[in-house]
Amino acid sequence: MSVGDSRYWDTWGPSVGSVATDGRAVPAHATLARYVSPRAVDAAQLLNVPRPVSDDQSAAADQALARALYERLALLKLSYALDPRIPRGLRRQQIRHPQWLLALKWGTCLDLAVTYAGMCMSAHIDPLLIVGEPVSLFGGEGHALVALIPGRQRGERDPLILPGCKPEYPGVQVVTDADRFARLVDNVLLPVECTGAVIRAASGPASAATTSFADATAEGAAALERRDVRWRVIDVAWLHEPDRDGVILAPPLDPPEGLLGIGSYLPGGLGHEKLGSAQQEILDELTGATGIHVIAAHPGFGKSTIARRLVANAPFGSGWFLGASDKKTLTNSLAEAELIGQNQTSVGLADADRDGYAEAARGRLREADHPWTVILDNADDKPDEALARIPPTDARLGQLVVLTTTDLAWANASGHRVHPLGPAADSEVDAELGNSDIAPLVAGRWLLVSAFKHLADALGVKPSQLSVDASIARTGENGPLAIWQTARDQVLTEGQVRAARCAAYLPPDVVSVAAVQECAPGEGTAERLVATGLLDVAAGEHFGRMHRLIGKAIRDDPDGSDLATRDHVAATLTGSAEAGDNLAEFGDRALILEILALLEHRCRSAQTPDRGLGISLHALGSVLELRGATREAADTFDTARAHLTGTTDRPLLADCLLGMARRHFRDSSPTQEQIDEAFAWADEGEKLMQLAGLGASAGRFLAMKGLLRRKRGTLRGRPKDQQVRDLRAGLDMVETADRMRAADPTTRPEERARSRFNLAGPRINLAQRDPDNSAEHLSKAEEIYREVLRQREAFYPGLDHPHVAACVSGLAMVSYYRAVLLPSDAHERQRLLREATQYERDAAAQRERLAGSRDDGDVGKSLRLTAKIAIARWLFTVASDKRAERHEALLSEAERELLTAGLLPSGDEAKLPAEAA
């Protein structure tokens with residue numbers, strides 16, 4: 001059995017077999033004994049508990065020591081996290097060495113179980129490792145825990161024969177009679193749930209760990225009563241005996257700190273597609289390749305299947321599968337990859353923060369000093385733009401970018417290695433489907449070969465016996481339609497047909513299984529769609545895939561084009577919490593607009609308010625807004641509010657008004673009339689929230705009002721006293737909203753940081769217009785910029801990032817305006833300007849590294865502010881202290897000239913990247 005790369009333990013999964021030193025096969029569950037390593041536990045210094053002073057091997061002594069070991073584990077304050085390095089759906093994971101567990105401060109149930117079992121063995125207590133896997137495809141989650149036999153004597157080394165179990169392999173038993181096994185737990189075994197109680201200890205005071213062992217044993221017993229998993233019991237101590245089928249123990253390793261940068265991101269899992277010979281040939285060519293490669297082919301030939309295999313087999317599990325159908329989809333995919341690596345989710349994350357995490361992901365790729373694989377999937381629109389979003393690869397480090405596209409013109413492109421993928425050979429299609437009239441419908445697309453085989457299995461016939469609608473012409477473009485209509489008419493129930501129609505509007509690469517089930521509850525819908533080849537879901541996965549060809553065939557089906565069906569699909573998608581989360585997390589703008597088009601007829605024909613329509617439109621507007629489509633969202637909200645009436649709809653109406661206000665706020669040059677209109681909408685929304693009894697949640701409205709008031713305060717051509725009045729009022733509102741957010745436990749840290757950041761800008765504005773209080777305003781602005789800088793450096797540790805650069809640039813402005821606005825001697829002014837120069841150089845350097853050139857907008861802002869500071873330094877150098885008024889006049893004149901020439905920012909401050917409330 002190979003231990004593999006010295007920096008890692010081998011990956012493990014229920015289907016990953018191994019070979020013993022004598023050549024015999026060792027089943028996967030027996031090999032788990034390798035990872036229960038007393039040596040690894042000792043290397044991590046986890047055994048700081050009192051060892052027994054005697055050889056007392058009583059049950060009470062063992063239980064007391066097991067409790068002390070558990071408390072030691074609980075005091076580590078670990079959190080639960082799935083393995084970020086292994087693609088979801090691959091059904092294996094990178095088991096963490098105890099030292100790696102300590103370095104990361106998180107782990108899976110299996111990580112915690114093998115570590116605790118190793119601690120017990122090191123303290124001479126024999127553990128059993130109990131591992132469960134889902135009984136069926138959608139049967140639930142797997143789990144792992146430890147069971148002890150207190151008082152088991154050291155000489156008792158025969159493999160245990162447990163009631164309610166049958167032997168599967170020496171040292172491994174399968175639970176076959178759950179009730180008999182449960183009685184054994186009550187009388188003999190002491191099960192220890194290592195996961196839940198440790199999490200509670202991590203979130204509470206350290207003393208909580210001293211009472212958690214009882215909870216851990218109770219939860220362990222409860223876990224073993226689950227019927228949705230198949231339990232296996234591994235006698236670790238027996239398998240550790242010398243010459244037990246050559247089961248080699250994993251070595252004690254140091255945590256591989258140099259390889260923690262890039263984890264794995266493969267939404268929707270691997271799937272089940274068999275590779276054709278043309279696909280396999282390209283996969284072989286790209287395995288181990290470096291640089292930039294392009295797979296170009298018509299839809300359905302298997303580009304994405306090859307790409308998924310490349311990510312699944314990426315060295316050290318460092319691979320990302322990113323959607324690249326448009327710029328926003330790629331940004332959202334990058335953000336998802338970054339957040340998955342941090343054990344977080346993007347559900348409910350604002351658009352500005354998605355952009356922030358996308359930049360962090362790009363920085364992580366740029367700075368990684370190890371191999372990684374990045375897929376840019378479905379880059380059909382503007383492949384060049386997709387490639388420009390990914391940092392250059394380093395061939396010496398084994399880094400690989402693969403772009404998949406239907407743009408066949410790329411076959412003639414230079415600068416990249418292009419791999420044209422053609423149709424499957426007729427002989428391969430015939431070998432899979434038999435000699436039938438289906439072959440013309442396949443047209444060489446391996447996707448349809450797989451789908452027709454699934455469909456035949458569902459009907460209980462051979463593929464050659466499949467009968468499709470005679471009215472469908474046997475041409476390639478009708479293949480997906482034939483699959484759908486055959487499944488619709490011959491396999492699926494009415495409810496499952498409706499669910500399939502809804503699934504066709506969900507994000508194709510990450511269709512939520514829960515959302516599909518919710519569309520037709522109680523009908524086994526997801527399993528049936530998988531069985532018929534319409535949906536591809538790997539075992540135990542939460543997300544699946546519906547190929548775009550299949551989804552389009554379902555959406556274009558004339559049989560489902562009637563208004564009643566369209567309305568039902570739209571209402572189901574917008575009324576389902578699972579579907580809403582799925583669309584909010586992964587849906588792109590084009591997909592949301594297609595769902596919106598389903599409601600077009602109702603929108604045009606409604607003569608009176610239609611509350612159901614209003615609720616659906618509000619839901620779609622919310623998703624559009626979350627995905628950054630501010631204008632489309634505002635138009636949708638405007639239509640929705642005409643249909644929302646009554647007191648129960650007040651929160652929805654308020655949301656619509658806020659979305660409409662945000663459109664004007666984000667306009668680059670709004671008029672005063674537009675600002676006032678947006679302010680009125682936000683104010684009306686706040687009042688509706690108050691009437692609905694949700695005043696505590698009205699902070700978003702107050703923040704928007706404050707930002708709009710600030711925007712009005714910076715409009716040129718208005719009297720200074722009016723500007724100051726608006727700026728002060730806006731600052732008061734934003735500060736009040738910030739306090740409300742701080743008091744709300746549901747506020748995400750990223751939103752909290754943006755809220756704080758928004759307090760600094762008005763202070764900079766007021767410092768210029770309120771001379772009596774300039775020093776106070778600038779001090780407050782500096783305090784805010786430093787606070788947010790610390791927070792953002794924690795969000796994006798060790799990375800260049802535009803949100804971090806914005807805070808550094810803010811500190812430059814504070815120093816600059818202190819030099820220009822506050823009375824001080826020449827030395828102090830020069831010191832402040834030197835400080836401002838250094839801050840802005842740091843910000844510009846970070847922005848240049850991010851942009852790769854000086855043509856980026858943020859880089860240009862930094863350079864203009866640097867020039868402005870340099871002019872001030874020169875003017876203060878040539879002017880004597882006695883001519884302070886004169887040199888300030890010169891400075892103002894220079895600023896006006898630079899502004900007229902377009903060399904300075906157009907506002908009263910060097911504009912930072914826009915960050916909305």
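Let me start with Arg308, whose charged end sits over the ring of Phe321, 4.3 Å from the ring centre. By that I mean that NZ of Lys or CZ of Arg is within 6 Å of the ring centre and within 35 degrees of the ring normal. Lys711 likewise lies over the face of Phe665, at 5.0 Å from the ring centre.

Some ground rules. This is a predicted model, where local features need pLDDT of at least 70 and side-chain atom pairs count only at pLDDT 80 or more, while totals for chains, interfaces and linings use all residues. Residues are numbered from 1 along each chain as its sequence is written, and side-chain values use heavy atoms, with hydrogens and water left out.

The protein chain has 39 helices and 20 strands; these are DSSP runs numbered from the N terminus, helices being H or I with at least four residues and strands E with at least two. Of its 917 residues, 55% are buried, meaning under 20% relative accessible area with a 1.4 Å probe, protein chains only.

Now ring against ring. There are seven aromatic pairs in the structure. Rings of Phe, Tyr and Trp (its six-membered ring) pair if their centres lie within 6.5 Å; planes under 30 degrees apart are stacked, over 60 edge-to-face, and the rest tilted.

Tyr70 and Phe213 make a tilted pair, 5.7 Å centre to centre with 55° between the planes. Tyr70 is in helix 3 (residues 59-74) and Phe213 in helix 8 (residues 212-223), so this pair ties together parts 143 residues apart in sequence. Both Tyr70 and Phe213 are buried. Together with Tyr116, they form one aromatic cluster.

What about Phe543 and Phe586: how far apart are their ring centres? The distance is 5.4 Å, and the planes are at 80°, so the pair is edge-to-face. Phe543 belongs to strand 20 (residues 543-544) and Phe586 to helix 24 (residues 577-586), so the pair links parts 43 residues apart in sequence. Phe543 is buried, at a relative accessible area of 15%, and Phe586 is buried at 14%.

Six strands form an open sheet in the order 9-10-12-7-8-11, with antiparallel pairing; two strands pair if DSSP finds at least two bridges between them. Strand 9 (165-169) and strand 11 (190-192) are the edge strands, each pairing on one side only. Inside the sheet, strand 10 (residues 172-175) and strand 12 (residues 229-235) pair over three bridges. Gln173 has Val233 in strand 12 as its bridge partner.

How values were computed. Buried < 20%, exposed > 50% of the residue type's maximum accessible area, 1.4 Å probe, protein only.
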